[in-house]
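Dear colleague,

I am passing on the structure we spoke about, together with some notes on what was found in it. Please read the notes alongside the coordinates.

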Amino acid sequence: MISEFFMILSFALFALGISGVAATRHFLLMILSIEVALVSATLLAVTFFYYSTQGNIMLLLFSIWGVAAAEAMVLIAFYRYMSRFEMSLDVTRLSKFKE
Amino acid sequence: MTYLILFAAVSVAAVLSSLLVFLFKDMLHAATALAVLFFVNSLLFVMLNQPLLAIIQLFIMIGGISTFLFVGVASASLSHFRHTRMIALVVLWLTVFAAMSYPLLSGQAQFQGSSRNVLDTGSAVSSLNSSISLFYILAVLLFGIALSSIILLKKIDTKSKVRRGVTR
């Protein structure tokens, strides 16, 4: 029963993360909400590891954290590009990139 | 029973901090709320008897979230607009959460884990008191230093802007 509590908590966090991506139009908040979804993914992976599997979960977790780190790098590069052209962080105005 | 109360408190803190990410208008505050979520997640790892993963999670909190804090401070002049539709967020959240957890709650799908229960081990909560607490203190101190230095830099920047405005 305890494991199901952990699973439901990670479902709630994941749902909040992906609905945050859909509901916001702030570029940085989209990145932060993806981080929330990744946190819930790590929590679910550790829960499954603790309660059922006997294998090594470190590779899976390091891949998830690697995705988070790569996402931060992409964020910094994209942010630098946006600040160079004095863009807004509102994603609805990103059509200016065509120009 | 103590474990359940502790789990309830930690899970409420997790959901609240992740909601605060979207409620705050300032990016600095939103990134701080995300840092709290990472901290709470490491506490959940400790409750699952994984202290090594909890320590790694703390290091990620210090390293990764500090990056977000710097970007958030740098974008302070760019981010003053109404960014999140809260009604859409809540409706989407409840819908997706209901769709995901319905098979589990209705009994159509059951978690096929072993009989291993964290209540039987008894060492999950007590492991907080051992060597891992040092890492928690260190993480909180480092993150506090990062946060306070950013706040200090913002204040210095504001003062210098005021002075420049006075001289002009």
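Chain A, taken from its N terminus, runs α-α-α, with three helices and zero strands; please keep in mind throughout that this is a predicted model. Of its 99 residues, 34% count as buried, and among the contacts in chain A with a separation of 6 or more, 51% join residues 24 or more positions apart.

The largest nonpolar core has 50 residues, and those with the most contacts inside it are Leu13(A), Leu32(A), Ala30(B), Leu34(B) and Leu37(B). At least two residues of this core come from each of H1 (2-23), H2 (27-51) and H3 (58-84) of chain A, and likewise from each of H1 (2-23), H2, H3 (51-74), H4 (86-105) and H6 (132-167) of chain B. The largest share, 16 residues, is supplied by H2(B).

That helix, H2(B), is mostly covered, with 19 of its 21 residues buried. Its length also agrees with expectation, because 21 residues (27-47) at 1.5 Å a residue should span 30 Å, and the end C-alpha atoms are 30 Å apart. After H2(B) comes Asn49(B), which has a positive phi, near 65 degrees.

H4(B), with 20 residues, reaches 26 Å from its first C-alpha to its last, close to the 28 Å expected at 1.5 Å a residue. This helix, H4(B), bends by about 35 degrees at Ala99(B), and a proline, Pro103(B), follows within four residues.

With best regards

Definitions and conventions: Residues numbered from 1 in each chain as written. Chains lettered and ligands numbered in written order. Predicted model: local features only at pLDDT ≥ 70, side-chain atom pairs only at ≥ 80, totals over all residues. Expected span 1.5 Å × (residues − 1). Buried ≥ 20, exposed ≤ 12 C-beta atoms within 10 Å, placed from the backbone. Core = buried A, V, L, I, M, F, W, Y, C linked by C-beta atoms within 7 Å. Bend = angle between axes of the 7 residues up to and from the residue. Contact = placed C-beta atoms within 7 Å.
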